[in-house]
Amino acid sequence: MTNETWNEVLRDQIDWHWRHQLRPRLEGLTDQEYFWEPAPGSWNVRPHGISNAPIQAGSGSMIIEFAAPPPEPEPFTTIAWRLGHVIVGVLAMRNASHFGRAATDYRSFNYAATASEALDQLDAEYATWLTGVESLGEEGLHRPCGEEHFEEDSMARLVLHIHRELIHHLSEVCLLRDLYLHTHGTFNQEEAQK
């Protein structure tokens, strides 16, 4: 038996993955990778005025592309788009509704114009999330979340959902980095076949 609390276990689950797998794989992300469009018509983060997406959200010099409802099939999304989704839709909006962060949403967020800036935003929102989860203690994990789609669920269920989202979407970003390296980097096809 240990003295671990469920709050500690939940934080350790995501933070171990963050420190040992996800965040190290994002080190050195270049602007070329960040904005790279692996498929025609990809949704991306772009400067204002050059997108033809039905929804162009953002308060700064950059926008993120959407459609509601999304077309079938949905456009492929870039690393910039996926990071924007994680930073805003997964973390910042939850940090605002539960942990005292200033209110934000897809339309009011100031999206990063560089990979470095996006990683800084990601790090800041992740730190706020982890500190917020810790502040719940044990009792706070049992209180009702009250969030749309989670009205009847506890905060613990929301925490688990957010951790799944982080692992899922940031793993996609890592896969896109691998694809970029193997199609644009110094990857040697002959060496791979040996």
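**Exercise 1. Determine in which helix F99 lies and whether F99 is buried or exposed.**

Step 1. F99 lies in helix α3, residues 79–99; helices are DSSP runs of H or I with at least four residues, numbered from the N terminus. The model is predicted: local features need pLDDT of at least 70, side-chain atom pairs count only at pLDDT 80 or more, and totals for chains, interfaces and linings use all residues. Residues are numbered from 1 along each chain as its sequence is written, and side-chain values use heavy atoms, with hydrogens and water left out.

Step 2. The relative accessibility of F99 is 16%, so F99 counts as buried (under 20% relative accessible area; exposed is over 50%, partly exposed in between; 1.4 Å probe, protein chains only).

Step 3. Leaving aside residues up to four places away in sequence, F99 touches R94, W129, G132, V133, S135, L136 and M155, where contact means heavy atoms within 4.5 Å.

**Exercise 2. Classify the packing of α1 against α4.**

Step 1. Helix α4 spans residues 115–142, and its axis is 9 Å from that of α1, at an angle of about 165°. Axes are lines fitted to C-alpha atoms, for helices over the stretch in contact, and angles run from 0 to 180 degrees between N-to-C directions.

Step 2. The two helices are therefore roughly antiparallel (over 145 degrees).

Step 3. Residues of α1 including W6, L10 and W18 meet a set in α4 that includes L119, Y126 and L130.

Terms used:
Angles under 35 degrees count as roughly parallel, over 145 as roughly antiparallel, 65 to 115 as roughly perpendicular and the rest as oblique.
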